[in-house]
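Work through the exercises below with the sequence and the structure side by side, and try each task before reading its solution.

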Amino acid sequence: MHAFHSDRKISNPIATRTNHAGSVFLSFNSSARNDFSRRMRLSNRPSTSPNLIIRNWRSILANFTGRIKRTKLLRKKNLQVNDEAASDRITFEGDKDLQDGTEKELMSLGVGGLAEIFDFIMDNVFTRLKVNNVKGILLYGPPGTGKTALAKALAKILHAKVVMGHELMSGNVDESNHSLRKLFDEATNDYRKYGDQSPLHMIIFDDIDWFTQGFGRLHELLRMIDDVNAYGNIFIIGTTNRMDLIHGSLLRPGRLELCLEVGVPNEKGRVNILKVHTQRMNQCGLLDSNVNLEQIASMTVGWSGAELASVAKSALSQAIIRTNSTMLGEVNRRWIRVNQEDFLHGVRFIIHDR
């Protein structure tokens with residue numbers, strides 16, 4: 001991996017940095033967000049006319065939704081996918097502690113603690129999509145922090161056509177390259193047919209470091225990204241746990257030039273993640289009134305979202321085992337109550353397993 005150097009002094013020296021390929025690395029916090037936003041406004045890149053600049057991501061959503069409806073591209077298959085996504089949503093309307101509308105929307109999709117980085121992406125990337133300022137982003141950070149979940153949430157909220165790139169790939173380089181070309185074909189054909197009215201195509205490469213191992217596969221991916229730079233309906237998201245394995249050529253301008261770190265959640269984020277993973281228990285009447293998620297969040301500093309999800313699952317399992325041990329015969333769901341001690345058991349279980 002190339003060494004990093006700072007392109008200029010900023011208030012937080014670890015917040016924003018560039019590498020020799022020209023990529024912008026952002027260790028996400030409010031200082032970095034404000035600094036990067038100012039740099040984007042002052043950059044010499046082409047800019048949209050004032051009437052095309054949309055400052056609010058909800059307006060972006062309305063814009064893309066309208067485009068999809070106008071071109072009548074919500075075919076039966078897409079409608080089924082959207083219906084399934086809607087059925088998976090969790091409601092948090094009664095939660096008075098959730099003041100952030102973005103966080104509430106993301107939590108309804110099963111993603112907690114990532115509202116700030118989501119808003120940053122919407123404000124600084126998708127508002128400039130038409131002029132191709134950023135064709136793709138790389139989300140990096142420890143395992144289990146929600147990188148792939150964030151990418152999928154972006155796609156759902158934008159009603160984008162989603163393709164999980166790694167799922168189409170095989171171990172054979174030639175077959176993978178053929179699948180890769182087909183991956184981009186649908187998007188390019190849509191753009192040739194519908195132009196700016198084409199729906200957004202989001203191509204997500206989970207663990208892109210693994211996918212790009214081997215020169216042949218990496219070279220073909222770079223060629224495809226460069227070939228579609230003129231199209232305004234394609235956006236690429238890569239995720240990785242290993243930045244040291246990412247080839248510098250993938251991060252050059254016009255490719256995945258914006259790199260955003262998705263780190264472990266803060267305490268508020270941990271509370272919201274726990275709420276996501278306990279909301280169905282609560283709705284089904286399984287959650288005891290003595291459960292204190294704030295206490296669990298305070299005990300789990302530095303834990304990932306995946307680990308917090310495991311705590312909730314372990315708590316439910318413990319409650320079922322505990323209930324079964326005190327009753328004869330089949331356990332009725334109405335008898336199960338997940339209490340605070342079950343969650344503490346879940347915390348101890350994860351600590352032992354770490």
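**Exercise 1.** Determine whether Arg242 is buried, exposed or partly exposed, and find its salt-bridge partner.

*Solution.* Begin with the surface: Arg242 has a relative accessible area of 40%, and since buried means under 20% relative accessible area, exposed over 50% and partly exposed in between (1.4 Å probe, protein chains only), Arg242 is partly exposed. Next, look for a salt bridge, that is, a side-chain nitrogen of Lys or Arg within 4 Å of a carboxyl oxygen of Asp or Glu. Arg242 forms one with Asp244, where the closest N and O atoms are 2.6 Å apart. Asp244, with a relative accessible area of 43%, is partly exposed.

The model is a predicted one, in which local features need pLDDT of at least 70 and side-chain atom pairs count only at pLDDT 80 or more, while totals for chains, interfaces and linings use all residues. Residues are numbered from 1 along each chain as its sequence is written, and side-chain values use heavy atoms, with hydrogens and water left out.

**Exercise 2.** Explain which parts of the chain are tied together by the salt bridge between Arg322 and Asp342.

*Solution.* First, check the contact: the closest N and O atoms of Arg322 and Asp342 are 2.7 Å apart. Then place the two residues in helices (DSSP runs of H or I, at least four residues, numbered from the N terminus). Arg322 belongs to helix α12 (residues 305-325) and Asp342 to helix α13 (residues 340-353), so the pair ties together parts that are 20 residues apart in sequence. Finally, consider accessibility: Arg322 is partly exposed at 30%, whereas Asp342 is buried, with a relative accessible area of 2%.
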